[in-house]
There are 4 protein chains.
Amino acid sequence: MNTSTIRLRVRYGETDQMGRAHHAHYLLWCEEGRTAWMRERGASYADLESEGIYLPVSRVSVDYREPARYEEEIDVVTRVSGVRSRSVSFAYRVLRASDGTALADATTELVCMDGRGKVRRLPGGLRSALSKAVSESWDEADVGPRGEG
Amino acid sequence: MNTSTIRLRVRYGETDQMGRAHHAHYLLWCEEGRTAWMRERGASYADLESEGIYLPVSRVSVDYREPARYEEEIDVVTRVSGVRSRSVSFAYRVLRASDGTALADATTELVCMDGRGKVRRLPGGLRSALSKAVSESWDEADVGPRGEG
Amino acid sequence: MNTSTIRLRVRYGETDQMGRAHHAHYLLWCEEGRTAWMRERGASYADLESEGIYLPVSRVSVDYREPARYEEEIDVVTRVSGVRSRSVSFAYRVLRASDGTALADATTELVCMDGRGKVRRLPGGLRSALSKAVSESWDEADVGPRGEG
Amino acid sequence: MNTSTIRLRVRYGETDQMGRAHHAHYLLWCEEGRTAWMRERGASYADLESEGIYLPVSRVSVDYREPARYEEEIDVVTRVSGVRSRSVSFAYRVLRASDGTALADATTELVCMDGRGKVRRLPGGLRSALSKAVSESWDEADVGPRGEG
């Protein structure tokens with residue numbers, strides 16, 4: 001399995017006066033999905049930072065399709081979409097847990113830096129783990145409709 | 001002048017443990033820039049909502065170039081980059097106020113909805129005002145280096 | 001059992017440059033704990049709002065004892081600490097899940113309002129449910145050290 | 001003058017589905033007020049941190065009186081309310097700029113720490129500057145009604 005899935009519940013403080021989750025919070029949900037993806041593969045980002053490896057976000061894009069509402073449970077599915085010597089890209093699908101409706105698609109690119117903010121190569125072991133997991137597109141088994149069982 | 005510029009100061013609570021403004025906050029800065037752009041042209045978004053016109057964000061992208069630091073002043077320059085019958089696109093440049101360094105470029109697409117979440121046409125007056133202000137690209141006078149005077 | 005407990009993981013975007021969860025986020029964690037407390041007792045706050053009952057926060061206090069770190073799991077234990085005709089108070093303890101260390105204690109007071117922002121009495125059923133669950137203090141079974149099993 | 005005042009505009013992303021600024025954001029506004037108070041007295045908190053002096057928040061309380069709305073301008077007035085050898089307390093009043101209505105009162109206590117998180121004495125110069133500015137209560141000239149001129 002090349003994806004990781006986390007389940008969250010939309011917080012009241014994440015809504016805005018339009019009655020939906022504010023669009024900026026999706027970036028934190030994706031970040032939590034990415035953190036889980038890495039932790040589940042033995043590459044905790046907290047550990048990386050303690051070794052002086054940083055992965056700041058250099059690019060994001062999000063397509064919002066349907067609103068997420070307060071107290072709804074949502075799933076964030078994460079996969080690696082590309083790896084280069086000094087950067088890695090993740091893709092995310094945000095789904096309403098109750099029925100599998102796709103709420104948003106997102107991508108982020110992260111660049112590898114040392115503790116002084118200088119771009120550097122991804123550590124060999126991390127790059128190898130990421131490369132093995134690259135998926136060009138979503139697998140329907142991961143992001144398809146829920147609740148059919 | 002087709003752009004609006006607001007000046008903000010990076011809040012401590014906007015930083016993350018990498019010692020820079022967390023990437024999600026740029027979306028709120030752009031939102032404040034867009035709000036100012038509209039207010040300065042007599043189309044307050046707060047007023048639009050009170051008339052039942054909503055402009056939820058349907059798409060965002062951000063390229064992060066240089067980090068923004070706590071207590072730094074930043075400028076957010078906003079322009080309209082495109083108008084269609086049911087949506088409008090804005091582009092933003094985030095600059096460090098002290099020296100004009102470009103910190104990030106962003107775009108957002110907003111779709112026009114009524115109070116029940118149904119897509120509708122932009123009101124004629126608003127569409128006309130937006131259309132007159134469309135700029136395909138940045139004007140150096142708006143986003144060029146500061147502090148040369 | 002008069003308390004509810006939820007488990008969260010500290011998000012990267014919740015840290016600040018001091019390397020700890022920024023103090024404002026505890027209010028969202030407490031809010032999520034309160035939401036769970038109500039939902040588990042059949043009084044979903046989302047449902048209350050759809051019936052025109054609002055419970056805005058009128059007062060908060062937080063004592064921060066130990067920092068919460070990125071990627072740590074934390075438990076938020078919630079109890080009702082007081083009920084009056086037009087308001088209700090909740091108390092919260094935030095614990096590090098791995099060892100039960102108390103990270104923070106918090107209280108919030110919520111006032112009951114109608115859809116126009118006018119203070120009103122708590123609905124009878126809700127007030128009754130809240131009143132039955134009032135606890136003056138923490139039960140050690142709920143907030144004591146973890147991991148002894 | 002022992003107070004500092006900053007002016008902010010409520011961001012859309014700071015509202016919640018109750019149509020008001022969510023209560024957690026007041027802590028960031030107070031933080032920005034405190035940052036300004038220190039900067040205006042030559043004790044930039046960013047500089048303090050670069051010297052290895054940290055002032056994490058150990059306690060907060062907020063009383064919310066009236067809601068703050070999207071796009072409204074608000075003033076945050078900050079004063080020092082107490083100084084001890086290892087901690088300092090600030091008090092804040094949040095006002096609607098248009099008419100001076102008090103929206104909230106808040107207090108925070110900050111404890112002085114070194115870079116390893118160990119409590120230490122406030123640096124002598126900082127403690128002296130803070131002590132000279134202590135005010136037990138609000139001066140009406142600072143927080144009284146606006147717009148009467």
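The structure described here is a predicted model. Its overall scores are an ipTM of 0.95 and a pTM of 0.96. For chain A the mean pLDDT is 95, and 97% of the residues of that chain reach 70 or more.

## How the copies are related

Two copies of a chain are related by a rotation about an axis and a shift along it.

Chain C is superposed on chain B by a rotation of 180 degrees with 0.0 Å of shift along its axis, at an RMSD of 0.0 Å. These two copies are therefore related as by a two-fold rotation axis.

## The interface of chain A and chain B

Chain A contributes 24 residues to this contact, and chain B likewise contributes 24 residues. Together the two chains bury about 2000 Å², of which 57% is on carbon and sulfur atoms. Of the interface residues of chain A, 100% are also interface residues in chain B, so the copies meet through the same surface.

Side chains of opposite charge can pair when their charged atoms come close. Two salt bridges are found across the interface of chain A and chain B. In a salt bridge between these chains, the side chain of A:Arg59 meets that of B:Asp63, with 3.0 Å from N to O. There are also 10 residue pairs in polar contact between chain A and chain B, with both residues at pLDDT 80 or more.

Three elements of chain A each supply at least two residues to the side that touches chain B: helix H1 (25–40), helix H2 (45–50) and strand S2 (57–64). Strand S2 of chain A gives the most to this side, with eight residues. Sorted by class, the side of chain A that touches chain B holds 13 nonpolar, five polar and six charged residues.

## The interface of chain C and chain B

In this contact, nine residues of chain C meet nine residues of chain B. The buried area between chain C and chain B is about 890 Å², with 53% of it on carbon and sulfur atoms. Within chain C, the residues that lose the most area to chain B are C:Tyr12, C:Gly13 and C:Gln17, which together account for 59% of what that side buries.

Between chain C and chain B the count of salt bridges is zero, while six residue pairs are in polar contact, both residues being at pLDDT 80 or more. The side of chain C that touches chain B is made up of three nonpolar, five polar and one charged residue. Here too, 100% of the interface residues of chain C are also interface residues in chain B, so the copies meet through the same surface.

## Salt bridges in the whole structure

Over all chains, the structure contains 56 salt bridges. One of the pairs joins B:Glu32 to D:Arg11, with their closest N and O atoms 2.6 Å apart. This pair crosses between chains: B:Glu32 belongs to helix H1 (residues 25–40) of chain B, and D:Arg11 lies in the loop between strand S1 (4–9) and helix H1 (25–40) of chain D.

## The surroundings of D:Ser85

D:Ser85 is placed in the loop that runs between strand S3 (73–83) and strand S4 (87–96) of chain D. Its side chain is joined to that of D:Arg86 by a polar contact of 3.3 Å. When residues up to four places away in sequence are not counted, D:Ser85 touches D:Arg120, D:Arg121, D:Leu122 and D:Arg127. D:Ala36 is 49 residues from D:Ser85 along the chain, and the C-alpha atoms of the two are separated by 22 Å.

Notes:
Residues numbered from 1 in each chain as written. Chains lettered and ligands numbered in written order. Heavy atoms only, no water. Least-squares fit on C-alpha atoms with pLDDT ≥ 70 in both. Contact = heavy atoms within 4.5 Å. pLDDT = per-residue confidence, 0-100. Buried area = accessible area lost by both parts, 1.4 Å probe. Salt bridge = Lys/Arg side-chain N within 4 Å of Asp/Glu carboxyl O. Polar contact = N/O pair within 3.5 Å; in protein donor to acceptor, adjacent residues only side chain to side chain. Helix = DSSP H or I, 4+ residues; strand = E, 2+ residues; numbered from the N terminus. Nonpolar A, V, L, I, M, F, W, Y, C, P; charged D, E, K, R; others polar.
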